[in-house]
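I opened my notebook for this one to keep track of what I looked up. Come along and follow the entries with the model beside you.

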Amino acid sequence: MAMAFAFTDLSAQSQATIARVQKSATVADGAWVVREGDPPDELFRINSGQAAVVRNGDGTGEHVSAELGPGDLVGEMAVLDGAPRSASVRATTELEVTTLSAEDLSSTPEGREALTDLKMALTSAVVGRMRQNNDRQVALLQREVQSLKERREFGLFYIYTISLMAAGMLVDAFVTRKIFDISAASALFQWQ
């Protein structure tokens, strides 16, 4: 079986230990890989297929927060902190996954060492993903700020245009329509 949980910063011994305890599984289309609140017992790597990260929206229904595909990990945060799953993951196509049980891995001294190495590698992967998400969020905010600036500029242009039109209408009303009964041909306007 190929090393599905390959991290370049794992020792050869840790990689071999992980390779011995990892398992392959198939997840049916529409089935849950993990559910929000489940215990942090396994780590998954998607080898083929697609999945969606789903969170419950406090009574507002499910919200898909990410799409996952080949190479993506599922459950790394729960493995790192030992807390219950923070989101659910549902297969959107049939999935081929590799699973790794923290309990199976920690049953031997070399397994515990491999788990420690794996947690360090996962920490690096999670930080990298957080950095990418931060970069995406900053880019989205910058586009939104630019859009707001453009709207503001258009709003100012619109107000300026309406003001000029109103001023033109007033001048037209005063001069052309003789509101003040002044003729443009009168002596008052001869200076033009």
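**Entry 1: a threonine to begin with**

I started at Thr17, which is buried, with a relative accessible area of 4%. Buried means under 20% relative accessible area, exposed over 50%, and partly exposed in between, for a 1.4 Å probe and protein chains only. A note on ground rules: this is a predicted model, where local features need pLDDT of at least 70, side-chain atom pairs count only at pLDDT 80 or more, and totals for chains, interfaces and linings use all residues. Residues are numbered from 1 along each chain as its sequence is written, and side-chain values use heavy atoms, with hydrogens and water left out.

Thr17 belongs to helix α1, residues 12–21. Helices (H or I, at least four residues) and strands (E, at least two) are DSSP runs, numbered from the N terminus. Which residues does Thr17 contact, leaving aside its neighbours within four places in sequence? I found Leu105, Glu110, Gly111 and Ala114, where contact means heavy atoms within 4.5 Å. I also checked Leu115: it is 98 residues from Thr17 along the chain, and their C-alpha atoms are separated by 9.3 Å.

**Entry 2: the strands**

Next I traced an open sheet of four strands in the order β1-β8-β3-β6, with antiparallel pairing. Its edge strands, β1 (23–27) and β6 (73–74), each pair on one side only. Two strands count as paired if DSSP finds at least two bridges between them. Between β3 (residues 42–48) and β8 (residues 95–101) there are six bridges, in the antiparallel sense, and Arg45 stands opposite Thr98 in β8.

I then turned to β4 (residues 51–56), which pairs with β5 (residues 62–68) in the antiparallel sense over six bridges. Here Glu67 in β5 is the bridge partner of Ala52. β4 also pairs with β7 (residues 88–91), antiparallel over four bridges, and Val54 stands opposite Ser88 in β7.

**Entry 3: the cores**

I looked up the largest nonpolar core and found 14 residues; Val33, Ile46, Leu68, Val74, Val89 and Leu95 have the most contacts inside it. Such a core is a set of buried Ala, Val, Leu, Ile, Met, Phe, Trp, Tyr and Cys residues joined through side-chain atoms within 4.5 Å. The elements giving two or more residues to this core are β2 (32–34), β3, β4, β7 and β8. A second, separate core has twelve residues, including Leu10, Leu43, Leu100 and Ala121.

Leu95 got its own note: beyond its neighbours within four places in sequence, its contacts include Ala25, Val27, Val33 and Ile46.

**Entry 4: the spaces**

I worked with these terms: on a 1 Å grid over the protein atoms alone, a cavity is a set of points where a 1.4 Å probe fits but cannot get out, a pocket is an open set with protein on both sides within 12 Å along at least five of seven lines, and lining residues have an atom within 4 Å of a point. Grid points are joined across faces, edges and corners, and a volume is the space filled by probe spheres set on the points.

How many cavities of 30 Å³ or more does a search of the whole structure find? There is one. The largest cavity holds about 40 Å³, and Leu43, Val79, Leu100 and Leu115 are among the residues lining it.

The largest pocket holds about 830 Å³. Of its 32 lining residues, Val53, Leu73, Glu76, Met77 and Arg129 are the closest to its centre. The largest share of that lining, six residues, comes from α4.
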